[in-house]
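Please read these notes with the structure open beside you, and check each point against it as you go.

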Amino acid sequence: MKRILFAAASVAAFAFAGAASAQSDSQSVAINGTVAPKCGVSAQSTTVSLASDLTDADARVRTAVTTEIADALNGARIIAFCNGVNNSVTVERSVLARTGSTGNGLTEGGFAQFIRYNLDASINGLALDSTSTDGASTVAQRFGGHISLSDSNTHVRFAQAASAGAPQPATGGSSATATNWNAVTDRRIAAGAYTGSVNVIVAPGA
């Protein structure tokens, strides 16, 4: 009888040990991190050239020049991004200036030596800034999350500005990038090489 009771007790102890070892436990650990607001801009080409003479047979600036500038800039594949909100975006354009020009007026013979034009810039349909206005624009939305170089939706796109976008002979600007250049539409353009630039500046919001 004692032997039978001992065996039963041993079986009960084994069953209890098995139940205890089958229990599980867990502890979750949260991971926290941050992503700071950032902006950036790059271009696949840093120089573009217009294929045609800026003027017609009468040495007057051609009406298509602004669109040709916009097309050339679009071909440069400028990619910009801001991963936060309320970003500052500035697009500066300098007038096309004759190499060797000085001051901000006409050259000998009364010819213009500066050409004013203005551009509107956007990305994937979102307006960024216009060179027809001074200073930066505040862009409320994030933009440029897709990094593809081949998708045109990732590129800053340029078009002739809705305001004062047509190319005009100009004088009187306080700097090459100023918006206070005055159109002198009764002037022909002096011969020479002309250079200008467009600068895209992006900064994260506060």
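1. Arg62, for its part, is buried, at a relative accessible area of 18%.

2. Please keep in mind that this is a predicted model, in which local features need pLDDT of at least 70 and side-chain atom pairs count only at pLDDT 80 or more, while totals for chains, interfaces and linings use all residues. Residues are numbered from 1 along each chain as its sequence is written, and side-chain values use heavy atoms, with hydrogens and water left out.

3. How many salt bridges does a search of the whole structure find? The search finds two, and one of them joins the side chains of Arg187 and Asp186, at 3.6 Å from N to O. Arg187 counts as partly exposed at 30% relative accessibility, whereas Asp186 counts as exposed at 61%.

4. Helix 2 (65–75) deserves a careful look (helices are DSSP runs of H or I with at least four residues, strands are runs of E with at least two, and both are numbered from the N terminus). Its buried residues are Val65, Thr66, Ile69, Ala70, Ala72, Leu73 and Asn74, and what covers them includes strand 2 (78–82), strand 3, strand 5 (119–123), strand 8 (156–160) and strand 11. After the helix comes Arg77, whose phi is positive, near 50°.

5. A polar atom of its side chain lies 3.0 Å from the backbone oxygen of Gly84. Leaving aside neighbours within four places in sequence, Asn87 is in contact (heavy atoms within 4.5 Å) with residues including Cys39, Cys82, Phe143 and Pro204.

Notes. A polar contact is a pair of N or O atoms within 3.5 Å; within protein, one must be able to donate a hydrogen and the other to accept it, and residues adjacent in sequence count only if both atoms are side-chain atoms. Buried means under 20% relative accessible area, exposed over 50%, partly exposed in between (1.4 Å probe, protein chains only). A salt bridge is a side-chain nitrogen of Lys or Arg within 4 Å of a carboxyl oxygen of Asp or Glu.
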